[in-house]
Amino acid sequence: MALDEVKITQAIVESFTKKLEEALEVDVAIVGAGPSGLTAAYKLGREGFRVAVFERKLSIGGGMWGGGMMFNEIVVQEEGARILREVGVEVRPWKEEYYTADAVECVCALGLAARKAGAKIFNLVSVEDVMVREDRVVGLVINWTAVEMGGLHVDPLAIRARYVVESTGHELSVLHVLQRKMNVKLFTPSGKIEGERSLWAEVAETTTLENTREVYPGMFVAGMAANATFGSFRMGPIFGGMLLSGEKVAQEIAERLRQ
Ligand code: 48F
């Protein structure tokens with residue numbers, strides 16, 4: 001077969017366009033492909049919901065690649081290990097009640113699980129805004145990360161979603177935009193973003209799950225973003241809470257979608 005550069009180009013353009021078209025109206029739009037966002041995408045996709053994930057960077061995985069301080073191993077507890085095993089990661093016990101796993105294997109396995117479950121993943125796309133109608137988040141406003149990086153004045157495109165997951169990690173970038181532009185009252189004690197506190201793994205892991213919930217009609221927070229929203233601690237390189245948060249947000253949204 002003679003290779004034709006234009007056919008290669010057509011194949012890419014046509015198949016990408018189809019993928020994007022299918023993501024324009026989804027059940028759940030997830031912002032950020034870190035461990036919590038990817039777990040949520042996998043769990044929701046597996047339930048048959050239409051899911052799109054938008055990730056600003058070239059690579060998915062967020063803060064997981066680097067383990068702790070670039071030692072690319074992560075630590076999880078038994079409950080987190082369950083989710084890693086489910087997606088085929090080799091989890092090794094380390095003394096009592098701790099488990100370790102290879103960070104690269106974890107990212108690859110979670111990404112593959114999300115894709116195999118049908119979630120569409122768009123890397124290099126930044127969510128720059130949300131759409132709000134009648135006091136409810138109804139979608140996302142997206143643009144190429146290159147546009148953002150280049151400081152170019154290019155208008156964005158829009159995605160309609162029945163629910164949005166804010167899983168942008170420490171940055172909490174989308175909720176900050178919602179608060180700044182719409183001046184809405186969030187479901188937090190002060191009605192505003194409470195902000196992240198310093199490192200305290202034990203408390204942070206528990207509160208991550210408690211804080212994984214709806215923060216404004218139509219928008220849920222998950223992962224580190226949940227603690228940054230509700231004023232709890234960071235947990236450092238223990239990742240069980242991130243995985244369990246992704247699972248919890250998927251369960252809560254699935255329940256709503258089935259109503
Ligand atoms: O930070 P990140 O990995 O979030 P997470 O799932 O996990 C946190 C842990 O990695 C770690 C930790 C736990 O032990 O504390 O930090 O809560 O992934 C967040 C992803 O969101 C992307 C960002 O590039 C990263 O990959 N992101 C942030 N803002 C945007 C975005 C945006 N506006 N649009 C698209 N992607």
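What follows is a friendly conversation about a predicted model, taken one region at a time.

Visitor: Let's start with two helices. How are α7 and α9 oriented relative to each other?

Guide: Helix α7 covers residues 201-211 and helix α9 covers residues 240-258. Their axes come within 9 Å and cross at roughly 10 degrees. Angles under 35 degrees count as roughly parallel. The pair α7 and α9 is therefore roughly parallel.

Visitor: What is the handedness of the crossing of α7 and α9?

Guide: Two packed helices are described by the angle between their axes and the distance between the axes. The crossing also has a handedness, and where α7 passes α9 it is right-handed.

Visitor: Which residues of α7 meet α9?

Guide: On the α9 side, the residues met are Gly 240, Gly 241, Met 242, Leu 244, Ser 245 and Lys 248. By class, this contact of α7 with α9 has three nonpolar, four polar and three charged residues. The α7 residues taking part are Glu 205, Thr 208, Leu 209 and Glu 210.

Visitor: Helix α2 meets α9 too. What is the term for the way α2 lies relative to α9?

Guide: Helix α2 spans residues 35-46, and its axis comes within 7 Å of the α9 axis. The two axes cross at roughly 40 degrees, in a right-handed crossing. An angle under 35 degrees would count as roughly parallel, and 65 to 115 as roughly perpendicular. With its crossing of roughly 40 degrees, α2 is therefore oblique to α9.

Visitor: How many nonpolar residues does the contact of α2 with α9 have?

Guide: From α2 come Pro 35, Ser 36, Thr 39, Ala 40, Lys 43 and Leu 44. They meet α9 residues including Met 242, Leu 243, Val 249 and Ile 253. Sorted by class, the contact has three polar and two charged residues, and its nonpolar residues number nine.

Visitor: Now for single residues. Is Val 26 buried or exposed?

Guide: Val 26 sits in strand β1, residues 25-31. Its relative accessibility is 3%, and the limit for buried is under 20%. So Val 26 counts as buried.

Visitor: What distance separates the C-alpha atoms of Val 26 and Arg 160?

Guide: Along the chain, Val 26 and Arg 160 are 134 residues apart. Leaving aside neighbours within four places in sequence, Val 26 is in contact with residues that include Val 51, Ile 159 and Arg 160. The C-alpha atoms of Val 26 and Arg 160 are separated by 6.4 Å.

Visitor: Which side chain does Thr 145 join through a polar contact of 3.0 Å?

Guide: Thr 145 lies in helix α5, residues 145-150, and it is buried, with a relative accessible area of 6%. Beyond its neighbours within four places in sequence, Thr 145 is in contact with Arg 56, Leu 124, Val 125 and Ser 126. The polar contact of 3.0 Å joins the side chain of Thr 145 to that of Ser 126.

Visitor: What is the phi of Glu 134?

Guide: Glu 134 lies in the loop between β7 (125-133) and β8 (136-144), and it is exposed, with a relative accessible area of 80%. Most residues other than glycine have a negative phi. Glu 134 is not a glycine, yet its phi is positive, at about 45 degrees.

Visitor: And what is the phi of Asp 135?

Guide: Asp 135 is also placed in the loop between β7 and β8. With a relative accessible area of 59%, Asp 135 is exposed. Although Asp 135 is not a glycine, its phi is positive, at about 60 degrees.

Notes:
Residues are numbered from 1 along each chain as its sequence is written. This is a predicted model: local features need pLDDT of at least 70, side-chain atom pairs count only at pLDDT 80 or more; totals for chains, interfaces and linings use all residues. Side-chain values use heavy atoms; hydrogens and water are left out. Axes are lines fitted to C-alpha atoms, for helices over the stretch in contact, and angles run from 0 to 180 degrees between N-to-C directions. Helices (H or I, at least four residues) and strands (E, at least two) are DSSP runs, numbered from the N terminus. Angles under 35 degrees count as roughly parallel, over 145 as roughly antiparallel, 65 to 115 as roughly perpendicular and the rest as oblique. A crossing is left-handed if the near helix is turned anticlockwise from the far one by less than a right angle, and right-handed if clockwise. Contact means heavy atoms within 4.5 Å. Ala, Val, Leu, Ile, Met, Phe, Trp, Tyr, Cys and Pro count as nonpolar, Asp, Glu, Lys and Arg as charged, and the others, Gly among them, as polar. Buried means under 20% relative accessible area, exposed over 50%, partly exposed in between (1.4 Å probe, protein chains only). A polar contact is a pair of N or O atoms within 3.5 Å; within protein, one must be able to donate a hydrogen and the other to accept it, and residues adjacent in sequence count only if both atoms are side-chain atoms.
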